Amino acid sequence: MSSFPSFFPTFFSQPLFWVLSLLAVAIFLFIQNKWRMDTIALLVMLGFSLSGILTTQEIFAGFSDPNIILLALLYIVGESLARTGVAYQVSDWLMRVAGASETKVLVLLMFSIATLGAFMSSTGIVAIFIPVVLAICAGMNISPRRMMMPLSMAGLISGMMTLIATAPNLVAHSELVKSGYQGFGFFDFTLIGLTILVLGILYMLVACRWLDNGEQETNLTHEENSISHLINEYQLHGRAKMVVLAEDSPFIGRTIDELKLRSTYHLNIIAIQRFKHFRRITITALGNDQLQNKDVLLMDIGVSESEFQTLCEQFKLKPIALKGEYFSDHAKAVGMAELALMPETDTIGKTIAELGFRSNFGLSVVGIKRQDQILQDNLLTEPLKSGDILLVMGVWQRIMAMDKHNKDFFLLGTPKESKQAVPAASQAPHALFSIFVMVALMISGIVPNVIAALIACLMLGKFRCIDMKSAYESIHFPSLILIIGMMPFSIAMQKTGGVALLVEQFLAIMGGLGIYPILFGLFALTAVVGLFISNTATAILMAPIAIEIANQLGYSPIALVMVITIASSAAFMTPISSPVNTMVIGPAGYKFIDFVKIGVPFTLIVMIATVLLVPWLFPLT
C-alpha cells in the first residue's frame, strides 16, 4: 500500500495520463457499442498521432506486422474449407452418427466445432453449424436452448487449440517474439485446449439442463425444415401470385425500380421467368432489370384479391394458376430461407429500403421475425434491430451467396428443398492436402508461419478451391483494423512507463503471495478486461504486462503469457463478450442472465484448469 501515494503524481504526469485517458475513452466507446470497433481503433491511431506520444512509424507498426498478414491468409484458408464443403461434410456426418442420442449429439457437436475451429474462424464455423443444430433439435424434438450454448462454448474453446486458431494467440506470440523470446509453438495450446474441451463437454452435459425453460418442442415434425413450415410460420398463405405480361402492358421496357410496385401498390416481384435459348428460365428480379414481353412474374402481394384483380386489369397482367402453395412447385429454382444479422453489423437501425436489399442482394424480404412476432406490413420502412430474423425469397444461387460472401447476414437455415451446393465440392481433398502442408511447415519451422500460410493459399488457388474474388471477400478487414489500431497501446504503455506502473501496483498486491495467486490474479484481471473489450484487444493490452511481471519475478514469461492468452479466449460470461455468443441469442431465445448463469461457473473451471496446467507444461524457470 505504501506505493500508492506515488501513484497519483505519476498517473497525472505527461504523457502517461493521456495514454490511459485515451484507453479509457476507447473502452467506453467499446462498451457503448454505438460505433464500429474498427472505427474506434482508427480514432485511437489518430489520437496517438495528434498527441505526439508515438511516432508515425510506431502508430502504423501493425501494418508491417507479419501476424496481420497471417491472420488475413487464415481467413482465406477458412473460406476454402467452407467452399469445398469440408465443414458441411462434417455437419452431415454429425447428423448421421448422432442418431437420437442427445448426449452423443452434444459430445460430437462440441468436438467437431473445436476441431474445425482450430484451423478456421470460430465465427464462421458457428454460423455454419447453427442451421445444423436447429435441424437436429427439430428431429429430436428438443429445445434449441439446450444445444446453442454448447455450440458457442465450443467455438470459443476452439481458439485454445492451436497457435493459429484465434487472433489473441498470434498477438501474444508476437509480443513474446518482440521481447526477444522464442514464442509459442503450433501445438503449445493443444493440451490445454483439449483439457478445457473435455471439461466443457462434461460441464454442458449437466448445465444444458439449466437452460431448458420447460418448453418441449412437441410440435416439431419433419415439416420443420421445409418451405411449408416457413409458409405457415410467416403466415404467407394466399399471398403468392403469378402473372404474365401482356403485349400492351405498361411494365414492358421499364425497370423494377422505376415501377416502384412494392412501395406504391404492395406488389413485390420475387423472381422472373423468361424464355431464353428456347426454354423458360427463372432469373433474379434485380432492381435494374428491364421487364420484357411475356415475362412471367412471381409476386408476393400485400393487397386483397379484389384489389389485385383491379391492378391486373389496370396494368395488363394475366394471372396464372399456381399448383403449389407459395411457389412450392417452383422450389427447384426459387427458394426461401431465414437470415440473421451478424453481430456488430452496421445494418442494424437501417431499413430494407435503405439497404437496397433487392439491388444489392437480388432477394426480397417477405417477413421479419422479431421476438417471436411476425412482421408483414411496411417491411421496406421497418428499421432492423439486433436479433431480427429475415425471411427472404429469390433464386437459390442468391440465397446461398448470402452465406458464402456476405458479412452482414448469415443463413439461419435452409429448407430441405434446397440443395446446399458448394462451388468447389470436388476439390475438398486438395483443400485438406493444402492445409496439411501448411500445418506441417508451421510445425517444422522450415519457413515462417506467414510464409507457410501463403504457400497454402497459393495451393488452394491453384487447386481451384477458392478464386481471387472470394479470397479477398473472405478477409474480415474490420477485425484486422481493430488489431492494428489497438497495437499502439502496447507500444505507448511500454514507452511511457504505463506497463511498469501497472506491474508495480499488481505486484504490490499479489507479489508476496506466490506464483499460483499471481497466475490466478492475471487470469481474473484478463477475464474482467475481456468483459468490456474484444478478446484481441485484451491480449494486446495484457501480454506486455504479463511479460514484465515475469521479468521482475525471474519467471519465464511464456507461462504467464499463456495464462492471459487462454483467459482472453474464455469469453463465456456475457452475450457481448464474443461474436459467437451474440450469434446464438436469436435462434435459442437466450437472455443476458443465461450467459451469466452458465458462463461464470465455467470460467472459474477454466481458470483453475489453466493455472494448474500451465506451470506443469511450461517451466517457470
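The protein contains 29 helices and 10 strands in this predicted model. Of its 621 residues, 56% are buried. Among contacts with a separation of 6 or more, 78% join residues 24 or more positions apart. The accessible surface is about 26,300 Å², and carbon and sulfur atoms hold 61% of that surface.

One helix pair can be followed in detail. Two packed helices are described by the angle between their axes and the distance between the axes. For helix α10 (residues 167-178) and helix α26 (residues 557-569), the axes come within 9 Å and cross at roughly 160 degrees. Angles over 145 degrees count as roughly antiparallel, so α10 is roughly antiparallel to α26. The crossing of α10 past α26 is right-handed. On the α10 side, the contact is made by Pro168, Asn169, Ala172 and Leu176. The α26 side supplies Pro557, Ile558, Val561, Thr565, Ser568 and Ser569. By type, the residues in this contact of α10 with α26 comprise 6 nonpolar and 4 polar, with no charged residue.

The backbone also deserves a look in two loops. Most residues other than glycine have a negative phi. Lys294, which is not a glycine, has a positive phi of about 70 degrees. Lys294 lies in the loop between β3 (279-284) and β4 (296-301). Arg464 also is a residue other than glycine with a positive phi, here near 60 degrees. The loop that holds Arg464 runs between α20 (449-462) and α21 (468-474). Is Arg464 buried or exposed? Its relative accessibility is 60%, and the cut-off for exposed is over 50%, so Arg464 counts as exposed.

Technical notes. Residues are numbered from 1 along each chain as its sequence is written. This is a predicted model: local features need pLDDT of at least 70, side-chain atom pairs count only at pLDDT 80 or more; totals for chains, interfaces and linings use all residues. Side-chain values use heavy atoms; hydrogens and water are left out. Axes are lines fitted to C-alpha atoms, for helices over the stretch in contact, and angles run from 0 to 180 degrees between N-to-C directions. Helices (H or I, at least four residues) and strands (E, at least two) are DSSP runs, numbered from the N terminus. Angles under 35 degrees count as roughly parallel, over 145 as roughly antiparallel, 65 to 115 as roughly perpendicular and the rest as oblique. A crossing is left-handed if the near helix is turned anticlockwise from the far one by less than a right angle, and right-handed if clockwise. Contact means heavy atoms within 4.5 Å. Ala, Val, Leu, Ile, Met, Phe, Trp, Tyr, Cys and Pro count as nonpolar, Asp, Glu, Lys and Arg as charged, and the others, Gly among them, as polar. Buried means under 20% relative accessible area, exposed over 50%, partly exposed in between (1.4 Å probe, protein chains only). Accessible areas come from the Shrake-Rupley method with a 1.4 Å probe; for residues, only the protein chains shown count as cover.
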